[in-house]
Amino acid sequence: MKNQRLFLILSFLFVVFHVQADDLDDFIRSQMKKRGIPGLSLAIIQDGKILKAQSYGFIDKDGKVPVTTNTLFQAGSVSKSVAAMGALYLVEHNKLLLNENVNVKLKSWKVPDNEFTSDKKVTLRGVLSHTAGLTVHGFPGYTVGAKIPSVVQILDGTAPANTPAVRVDFVPGSSWRYSGGGYTVMQQLMVDVTGADFPEFMKSHVLSPLGMKNSTYQQPLPPELAKLTATGHYNNRSLVEGRWHIYPEMAAAGLWTTPSDLARFAVSIQNAYARKSGGVLSQSMTRQTLTDQKNRDGLGVFLQGDSTTLRFGHNGRDEGFDALLTASVDKGQGIVIMINANDNSHMMGRIVDFIADYYHWDGFPVKAAKPAAVNVDSKTLKAFEGRYELFNNRIVTFEAENQRLFTLEDGFIDEEFVPVGNHTFTSTDRNVSVIFNPDANGNVTGFTLKDDDQHYERKVPRIGPLAHKTNADPDPSRTPKIMAALQAIVKGGKILEEASGLTSGAKRDFAGGMPEPQTLKSLTFIHSENVAGRGIQRHESDVSEIVTYQLKSNQPDTYIIVHLTSDGLVTDFDLVEK
């Protein structure tokens with residue numbers, strides 16, 4: 001009788017677990033379908049152990065080869081967090097000092113001194129926390145078969161490097177600015193100090209000790225590992241040429257790994273924080289790692305939550321791959337998600353929130369009850385459609401449908417906003433509201449973004465409407481000039497340097513050219529909007545006018561929005577779907 005009772009209890013638990021697991025799996029698959037994601041792999045940490053490792057979809061959009069939990073994905077900037085552990089290992093073994101001028105131990109290359117470094121020097125602490133004043137935000141990598149530069153060539157911005165030189169352009173320690181260039185300085189510093197090949201050092205001192213057996217910083221991958229990879233897809237779900245890019249900037253963006261291996265990395269930090277065995281770093285160094293240096297940035301990881309709900313993590317993006325790692329400091333919880341696509345939506349955030357709610361975790365935002373919708377007439381609703389500058393160089397697009405507003409990302413529907421007032425809409429995914437701001441003539445010039453979880457609100461300026469129909473071009477003579485400027489941006493190099501009609505910031509930041517659109521055949525005028533005074537800035541120039549064209553190229557016909565300064569110079573462009 002006792003055995004029968006035990007059997008019934010176990011059977012009940014088995015059914016409940018699998019029903020719940022089906023709910024989670026169904027949610028993830030529905031999100032992937034909604035966003036057109038070819039493949040996804042994840043790992044869930046519970047009580048300091050990997051509770052669930054699961055893969056979904058396929059290694060590419062052809063849908064023939066399934067993703068497995070051993071499929072390799074590029075980690076993008078999550079590479080920085082793992083590389084930081086290697087650098088901090090060297091600090092603990094007295095090979096490096098956190099607050100020492102990095103030039104003391106750099107041998108193959110030195111950070112050039114200038115007026116910004118006369119009193120304050122670049123330090124490892126500054127590099128790890130993005131406060132060193134170093135330039136170059138990120139790296140596009142190199143297509144398979146292309147000539148690959150050395151790290152020194154990358155740091156100096158010399159051919160065949162496709163990014164500008166890494167230099168100091170503000171006083172170290174005075175501010176925060178994300179810099180992949182800084183982590184490339186750190187990579188060279190680690191090589192110079194150890195005399196070891198960077199992938200080999202990281203394998204010996206971080207990856208292998210943590211049991212990250214499916215991870216490597218090797219760039220390019222050896223053939224036997226290349227067979228285990230997913231294929232990258234851009235945000236329009238087109239394939240990355242050669243399947244993925246090569247990243248000699250290994251510390252910043254070059255880690256190939258799996259969610260389970262990154263979960264092991266996160267668990268090692270949790271264990272070290274609690275003074276448990278099995279980690280690479282001591283408890284004291286781990287606590288430094290998880291201490292806010294500036295702007296909620298620790299040493300190689302970003303921080304969220306308060307003292308009782310503190311989490312660490314990082315997001316990552318390489319060409320065709322996105323990644324997310326978030327884990328609690330002292331609750332033994334965490335999530336790693338990797339996808340073989342660039343996706344600008346809130347999908348991974350929705351999956352994190354669903355998992356946290358599913359397992360009843362503390363410290364994650366809890367979505368308020370779905371708000372009651374009010375009626376808004378269709379004309380008013382249509383007025384809110386359009387594009388807005390959410391952050392610098394980050395657009396959010398609203399489209400009206402069925403008494404709702406939906407954000408569009410990469411041509412796919414993303415987030416639903418329900419009207420709770422004539423000008424106020426609330427997200428069904430997050431505790432976020434937008435309040436649209438019409439001017440005296442009733443024209444919408446932006447909205448106020450209110451985030452109840454983050455306790456802030458700010459103004460978001462309008463860029464312009466969706467591209468519905470062509471209009472008469474008020475200044476057709478400038479279109480050929482804009483076309484020439486765009487062609488120079490795409491090509492980069494000397495052609496860009498010598499081109500007219502471009503701001504100095506655009507020339508600097510597009511020096512390496514752009515992968516798309518590869519050819520520009522024609523521009524058809526759609527719309528122009530005066531945005532002077534709305535606070536929009538691209539590549540360090542104020543934007544006064546935004547012109548939308550229909551673009552004909554070797555890509556499917558799409559639209560291009562061009563950002564112009566008050567003197568008509570092109571300072572940026574964005575490709576959009578409608």
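Q: Which helix gives the most residues to the lining of the largest cavity?
A: In this predicted model, three helices each supply at least two residues of that lining: H2 (78–92), H9 (259–273) and H10 (283–289). The lining includes Ser81, Ala84, Met85 and Leu88, which fall within the 78–92 span of H2. With 4 residues, the leading contributor is H2.

Q: How many charged residues does the lining of the largest cavity have?
A: Among the lining residues are Phe265, Ile269, Leu281, Leu299 and Val301, together with Thr286, Thr289 and Gly300. By class, the lining comprises 8 nonpolar and 4 polar residues, and the number of charged residues is none.

Q: What volume does the largest cavity have?
A: Rolling a probe the size of a water molecule over the atoms shows where empty space is left. The structure holds 7 cavities of 30 Å³ or more. For the largest cavity, the volume is about 70 Å³.

Q: How many strands form the closed barrel?
A: The barrel runs in the order E11-E12-E13-E14-E15-E16-E17-E18, with antiparallel pairing. Neighbouring strands of this sheet are turned against each other by 35° on average, direction ignored. The number of strands in the closed barrel is 8.

Q: Which residue in E18 stands opposite Thr448?
A: Strands of a sheet pair through backbone hydrogen bonds, either parallel or antiparallel. Strand E17 (residues 444–451) and strand E18 (residues 456–464) pair in the antiparallel sense, over 6 bridges. Opposite Thr448, the residue in E18 is Lys459.

Notes:
Residues are numbered from 1 along each chain as its sequence is written. This is a predicted model: local features need pLDDT of at least 70, side-chain atom pairs count only at pLDDT 80 or more; totals for chains, interfaces and linings use all residues. Side-chain values use heavy atoms; hydrogens and water are left out. Two strands pair if DSSP finds at least two bridges between them. Axes are lines fitted to C-alpha atoms, for helices over the stretch in contact, and angles run from 0 to 180 degrees between N-to-C directions. On a 1 Å grid over the protein atoms alone, a cavity is a set of points where a 1.4 Å probe fits but cannot get out, and a pocket is an open set with protein on both sides within 12 Å along at least five of seven lines; lining residues have an atom within 4 Å of a point. Grid points are joined across faces, edges and corners, and a volume is the space filled by probe spheres set on the points. Ala, Val, Leu, Ile, Met, Phe, Trp, Tyr, Cys and Pro count as nonpolar, Asp, Glu, Lys and Arg as charged, and the others, Gly among them, as polar.
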